[in-house]
Protein chains: 2
Amino acid sequence: MTASRRAVIQVLSAVQCAYSAEEIHRRARRRHPRLGLVTVYRTLELLVQQGLARRLDLPGPTRYEPTEEGRHHHHLVCLSCGSIEPLQRCLIEPVEGATFGRRFRVTGHRLELFGYCHECIAPA
Amino acid sequence: MTASRRAVIQVLSAVQCAYSAEEIHRRARRRHPRLGLVTVYRTLELLVQQGLARRLDLPGPTRYEPTEEGRHHHHLVCLSCGSIEPLQRCLIEPVEGATFGRRFRVTGHRLELFGYCHECIAPA
DNA sequence: ATCGAAATGAAATTTCTTTTCATTTGATGG
DNA sequence: CCATCAAATGAAAAGAAATTTCATTTCGAT
């Protein structure tokens, strides 16, 4: 456990929803200025493999968020401005552990709802 | 309507599930060999905006598929080999048109199930 | 056929991510 | 407390995916 990792982990755990590696880098740098972006990528990769972070493939850069118990949520992605809001309710039937299709064993899921955020519906 | 677009549209409409721009390019080239990858990107973007294609952000390159009525489906993404299978059943409650969270208006959704495909569970 | 706007393709560029490699760090045992 | 050494780091370079630029071509309406 190095200072670099600690900085990344600290920032990520404070994230509620969907930060890009660059955003995490910018924030973690405040604590640890010599931190390289590469290390952020490597640490995030590590956390994903350990199940501590989730990776979100959305339009634009890959985003990450912590996988805290009891904080399962989905995402509302604005098609106009690209903003992302969490949606606490889970809208799907439990699928983890189930088997589908051609004997495909499910271990996780990801649901994104696309549409238009409040700002974009009613511009200031 | 140009020959290039026709080639891309023809290939895309034959796709059932999740092709990358490069794959579409390779196939469309068989009909129209001077077709550039750039035009494939541009045409796919156009089709997405017209609601004729759906864009899938998954690990790796962005994938595309036609949005044919009555063919709504989700994806089983193998975490081991990266293969993608369609899942015809829709597991979520209808959300199109509904409003969630901070007055977010939903127009579409995307569900991906992650896990391990038959091949990867029981290697040959 | 002719014209003009829209579309095209090649090349260059940008964005995001990963690899390489010399240097630094930190846990471990003396 | 310090020496050791594998693991981790960061800078630079490389690589993948997607976009922009711009001169040329194509389509379709005269």
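How many residues of chain A are in contact with chain B, and how many of chain B with chain A?

A: In this predicted model, 30 residues of chain A are in contact with 30 residues of chain B. On the chain A side, the elements that contribute two or more residues are β5 (84-87), β7 (104-116) and α4 (118-121). Of these, β7(A) supplies the largest share, namely 13 residues. By residue class, the side of chain A that touches chain B comprises 16 nonpolar, six polar and eight charged residues.

The strand β7(A) is also paired across the two chains: eleven bridges join it to β7 (residues 104-116) of chain B, and the two strands run antiparallel. Within this pairing, Leu111(A) has Leu111(B) as its bridge partner.

β1(A) is joined to β3(A) by two bridges, and Tyr19(A) has Tyr64(A) in β3(A) as its bridge partner.

The other is helix α1 (residues 3-14) of chain A, whose twelve residues reach 17 Å from the first C-alpha to the last, close to the 16 Å expected at 1.5 Å a residue. Its buried residues are Ala7(A), Val8(A), Ile9(A), Val11(A) and Leu12(A). These pack against α2 (21-31), α3 (37-49), β2 (53-56) and β3 (63-66) of chain A.

Definitions and conventions
Residues are numbered from 1 along each chain as its sequence is written. Chains are lettered from A and ligands numbered from 1 in the order in which they are written. This is a predicted model: local features need pLDDT of at least 70, side-chain atom pairs count only at pLDDT 80 or more; totals for chains, interfaces and linings use all residues. Two residues are in contact if their C-beta atoms, placed from the backbone, lie within 7 Å. Helices (H or I, at least four residues) and strands (E, at least two) are DSSP runs, numbered from the N terminus. Ala, Val, Leu, Ile, Met, Phe, Trp, Tyr, Cys and Pro count as nonpolar, Asp, Glu, Lys and Arg as charged, and the others, Gly among them, as polar. Two strands pair if DSSP finds at least two bridges between them. The expected span of a helix is 1.5 Å times one less than its number of residues. A residue is buried if 20 or more other C-beta atoms lie within 10 Å of its own, exposed if 12 or fewer, and partly exposed in between; C-beta atoms are placed from the backbone.
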